[in-house]
Amino acid sequence: MAFGEQPAYLRVAGDLRKKIANGALPPRTRLPSQARIREEYGVSDTVALEARKVLMAEGLVEGRSGSGTYVRERPVPRRISRSGYRPPSGSSPFRQEQAADGTRGTWQSSSEQDVAGPGIAARLGIEPEDRVMRTRYVFRDGGEPMMLSTSWEPLAVTGRTPVMLPEEGPLGGCGVVERMAAIDIVVDNVLEEVGARPGLAEELLSLGGVPGHVVMVLERTYFASGRAVETADVVVPADRYRVAYHLSVK
């Protein structure tokens with residue numbers, strides 16, 4: 001096989017990727033061995049090994065101890081609907097989004113007081129080491145973990161109020177907009193910045209992914225008259241979900 005300017009291992013990986021995409025190498029099929037790749041493409045063992053590493057890093061194949069490397073089952077991405085904050089309705093944004101898609105989701109959460117690190121302090125417009133309430137969530141759909149979230153709320157805003165704990169009390173689980181309204185704070189703006197990165201080991205363990213998988217990260221911040229009242233990192237596995245935004249045109 002003739003190769004151009006692109007490194008040989010990327011050419012080999014690209015050809016194998018096409019075979020996976022077009023079904024020539026369907027899910028659960030064993031990937032050609034290193035020796036087979038070497039012979040078929042006329043490359044060295046090093047090139048064959050690097051090509052296999054590329055496919056593994058992309059999440060297209062997975063190694064099975066004592067058995068070989070196999071094409072992974074590719075899930076059909078599902079949609080997570082986003083529409084900024086919604087009018088108060090007595091339920092959290094996650095519950096509203098699930099209801100819109102006709103599914104039922106559950107979540108677990110835990111809250112504890114913490115100090116704001118420099119990054120979170122900058123997002124909240126407070127001083128590093130200021131006290132915050134940190135809440136961690138694991139969201140599930142049909143029992144399958146689908147999303148992680150960590151939120152931070154300045155205790156200068158919510159401390160010593162009935163909504164200090166996001167998931168407890170009469171407004172537990174109601175979402176930021178309604179909880180803040182209960183203490184006479186009107187949320188009027190929300191910012192979400194979407195990025196992607198390799199998932200951290202503990203994130204992938206919680207989400208059922210494998211090392212090297214990419215996650216989408218939504219940095220969300222709620223504002224009231226220019227003051228940040230909550231910020232959160234929402235982590236979603238990129239191979240299983242797509243984030244859809246509903247934007248109104250006025």
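Which side chains meet in a salt bridge at 3.9 Å, N to O? They are the side chains of Arg136 and Glu112, and this pair links distant parts of the chain, with Arg136 in strand 5 and Glu112 in strand 4, 24 residues apart.

## Basis of the model

This is a predicted model, in which local features need pLDDT of at least 70 and side-chain atom pairs count only at pLDDT 80 or more, while totals for chains, interfaces and linings use all residues. Residues are numbered from 1 along each chain as its sequence is written, and side-chain values use heavy atoms, with hydrogens and water left out.

## Salt bridges

The structure holds 19 salt bridges, a term for a side-chain nitrogen of Lys or Arg within 4 Å of a carboxyl oxygen of Asp or Glu. Another of them joins the side chains of Glu112 and Arg134 at 2.1 Å, N to O; Glu112 lies in strand 4 (residues 105-115) and Arg134 in strand 5, so this pair ties together parts that are 22 residues apart in sequence. Helices (H or I, at least four residues) and strands (E, at least two) are DSSP runs, numbered from the N terminus.

Arg134 is buried, at a relative accessible area of 13%, whereas Glu112 is partly exposed at 40% and Arg136 is partly exposed at 44%. Here buried means under 20% relative accessible area, exposed means over 50%, and partly exposed lies in between (1.4 Å probe, protein chains only). A further salt bridge is formed by the side chains of Glu203 and Arg197 at 2.8 Å, N to O, where Glu203 is buried at 10% relative accessibility and Arg197 is partly exposed at 27%. Salt bridges that share partners also join Glu112, Asp114, Arg134 and Arg136 into one network.

Two packed helices are described by the angle between their axes and the distance between the axes. Axes are lines fitted to C-alpha atoms, for helices over the stretch in contact, and angles run from 0 to 180 degrees between N-to-C directions. The axes of helix 1 (residues 8-21) and helix 3 (residues 45-57) come within 8 Å and cross at roughly 50°, and the two helices are therefore oblique to each other. Helix 2 (residues 34-41) and helix 3 have axes that come within 9 Å and cross at roughly 115°, and are therefore roughly perpendicular to each other. In these terms, angles under 35 degrees count as roughly parallel, over 145 as roughly antiparallel, 65 to 115 as roughly perpendicular and the rest as oblique.

## Loops and positive phi values

Arg28, in the loop between helix 1 and helix 2, has a phi near 75°, a positive value in a residue other than glycine, and is exposed with a relative accessible area of 57%. Glu129 lies in the loop between helix 5 and strand 5 (131-141); its phi is also positive, at about 80°, although Glu129 is not a glycine, and Glu129 is exposed at 55%.

## Contacts across the sequence

Ile120, placed in helix 5 (residues 118-124), is buried with a relative accessible area of 12%. Val186, in the loop between helix 7 (176-181) and strand 7 (189-198), is exposed at 61%, and its C-alpha is 7.7 Å from that of Ser225, 39 residues apart in sequence.
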